[in-house]
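Here is a briefing on a structure that may be new to you. Look through the sequence and the model, then read the points by topic.

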Amino acid sequence: MSSPSANRPTGKRVQMLATCLCDAFFDDAARATVEVLEYLGCAIDFPEGQTCCGQPAFNAGDWPASRRVVRHTVKVFAGDVPVIVPSASCAAMLVHGAPLEFEKEADYGEIEKLGHRTWELADYIVNGLGVKTWPGKFPAKIAFHTSCHSRGTKSGESTLALLRSIAGVEVQIFGEGEQCCGFGGTFSVAFPNISTGMGNLKLEHMRAANPDILVSGDSSCMMHLAGMAEKEGHPIRTLHFAQILRDALKNGGLLPT
């Protein structure tokens, strides 16, 4: 198996947007993202003034509030280096959502520029840095959940390519693979019964594949599904794919444990 260490880029400077959920609940996913990027030779700037991408207000229809958050993000992430996000959802907000809500605003150009240099993590590794395979080992059967926001992008296929290249990883295919988990941010609050039904359908098909771990690139989906499973009394183990990449390196002796 080829290793990215042989020809990985060095000296590439990036900015990292950690996301609200990493900040509040999934700090190790953010830590793993840093370790993976540093392994690939990236120098990471972490603007301390960062808050949110603006998606919650955007999805709720409160675009004036969302624009205030996005303007703050543009200010905090000033410059011209890539902005890396360990979330297809947040990346999609800055790439697609924000330009949509700023179409008639005077600062549309600034918003569009930020979107043009924003990358979801797996997409950046595979298509930005040209790393196609991943070294190390991670013996586990995993079910990979493709989030709604990663559809139509290269994030899902990039994540799967990296995961499948890791020694020991078995990706379990399950039914209704394109089915939404039912979270949808405020959707799960506004329509809890529909959200629960969608989540149960996803869990039913996923459990039929009997994976060891549920993996995704969106912590919000994992939080929703894991929360439902725990409430039902049948908890499932979840990991962000960045944690798999990081742990594979550690298992292979390429990072300190």
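A salt bridge is a side-chain nitrogen of Lys or Arg within 4 Å of a carboxyl oxygen of Asp or Glu. By this rule, the structure has 10 salt bridges. The model is predicted: local features need pLDDT of at least 70, side-chain atom pairs count only at pLDDT 80 or more, and totals for chains, interfaces and linings use all residues. Residues are numbered from 1 along each chain as its sequence is written, and side-chain values use heavy atoms, leaving out hydrogens and water.

- Asp27 and Arg31 join their side chains in a salt bridge, at 3.3 Å from N to O.
- These two residues, Asp27 and Arg31, are four apart in helix α2, which means about one helical turn separates them.
- Helices (H or I, at least four residues) and strands (E, at least two) are DSSP runs, numbered from the N terminus.

**The open sheet**

- Four strands make up an open sheet, ordered β6-β5-β7-β8, with parallel pairing.
- Strands pair if DSSP finds at least two bridges between them.
- β6 (167-171) and β8 (238-240) are the edge strands; each has a single partner, so one side of each lacks a neighbour in the sheet.
- From one strand to the next, the twist averages 40°.
- Strands β5 (residues 137-145) and β7 (residues 213-216) run parallel and are joined by four bridges.
- Ile142 is placed opposite Ile213 of β7.
- Helix α8 (residues 155-164) lies across β5, β6 and β7, at about 155° to β5.

**Helix α2 against α12**

- The axes of α2 (residues 27-39) and α12 (residues 241-251) come within 8 Å and cross at roughly 55°.
- Axes are lines fitted to C-alpha atoms, for helices over the stretch in contact; angles run from 0 to 180 degrees between N-to-C directions.
- α2 and α12 are therefore oblique to each other.
- Angles under 35 degrees count as roughly parallel, over 145 as roughly antiparallel, 65 to 115 as roughly perpendicular and the rest as oblique.
- The contact (heavy atoms within 4.5 Å) includes Asp28, Ala29 and Tyr39 of α2 and Leu245, Arg246 and Lys250 of α12.

**Helix α10 against α11**

- α10 (residues 192-208) and α11 (residues 219-231) pack at about 85°, with axes 10 Å apart.
- α10 is therefore roughly perpendicular to α11.
- Among the residues that meet are Ser195, Leu203 and Arg207 in α10, and His224 and Met228 in α11.
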